[in-house]
Amino acid sequence: MTSRISHTSFDAINAYAQSVFWSQVLDFAEDPDDPNEPAHEECLITLLFITVPDSKKVKNRVHLDLRPVDRTREQEVERILALGASHLADHRRPDGSGWITLADPEGNEFCILSKDPAGSGATT
């Protein structure tokens, strides 16, 4: 028998605010029978945000790579920036592959890939 991922957990200064940001980015919904509240130390939207006392200090060792479903990479970046993300780096290539690195409101890095892979591999 193998193990299966139950959820992915992220440390956060404000678990609720992070759950709101990421629910808007990913169109994830909280459990209506167990809604997230501003005072909750754990907020679940498939991703679990857990309030911890210390802020992020260095680059993430794990991050999300997102591929837009119904818009271009550039349109998705603009949408997410409007939600409160910040732009960190641009790794787009002339052939349309590559990614743009953003950070969520607490500084956690994540990447936006192109809608349609230009080639093979995870970062195309």
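Mentor: What follows is a set of questions and answers on this predicted model.

Trainee: In what order do the strands of the open sheet lie?

Mentor: Strands of a sheet pair through backbone hydrogen bonds, either parallel or antiparallel. Here 4 strands form the open sheet, and the pairing is mixed. The edge strands, β4 (64-66) and β5 (86-90), each pair on one side only. The order is β4-β7-β6-β5.

Trainee: Which residue in β7 is the bridge partner of Asp 65?

Mentor: β4 runs parallel to β7 (residues 109-113), and 3 bridges join them. Asp 65 has its bridge partner in β7, and that partner is Cys 111.

Trainee: At about what angle to β4 does helix α1 run?

Mentor: Helix α1 covers residues 15-26 and lies across β4 and β7. Its angle to β4 is about 35°.

Trainee: How many charged residues are in the lining of the largest pocket?

Mentor: The largest pocket holds about 380 Å³ of space. Its lining has 17 residues, and nearest its centre lie Phe 10, Asp 11, Lys 56, Asn 60 and Asn 108. By class, the lining has 6 nonpolar and 4 polar residues, and the number of charged ones is 7.

Trainee: Which element gives the most to the lining of the second largest pocket?

Mentor: The second largest pocket has about 200 Å³ of space. It is lined by 13 residues, with Val 25, Leu 26, Val 69, Glu 76 and Arg 79 closest to its centre. Two or more lining residues come from each of α1 and α2 (73-83). The element that gives the most, with 3 residues, is α1.

Key. Residues are numbered from 1 along each chain as its sequence is written. This is a predicted model: local features need pLDDT of at least 70, side-chain atom pairs count only at pLDDT 80 or more; totals for chains, interfaces and linings use all residues. Side-chain values use heavy atoms; hydrogens and water are left out. Two strands pair if DSSP finds at least two bridges between them. Contact means heavy atoms within 4.5 Å. Axes are lines fitted to C-alpha atoms, for helices over the stretch in contact, and angles run from 0 to 180 degrees between N-to-C directions. On a 1 Å grid over the protein atoms alone, a cavity is a set of points where a 1.4 Å probe fits but cannot get out, and a pocket is an open set with protein on both sides within 12 Å along at least five of seven lines; lining residues have an atom within 4 Å of a point. Grid points are joined across faces, edges and corners, and a volume is the space filled by probe spheres set on the points. Ala, Val, Leu, Ile, Met, Phe, Trp, Tyr, Cys and Pro count as nonpolar, Asp, Glu, Lys and Arg as charged, and the others, Gly among them, as polar.
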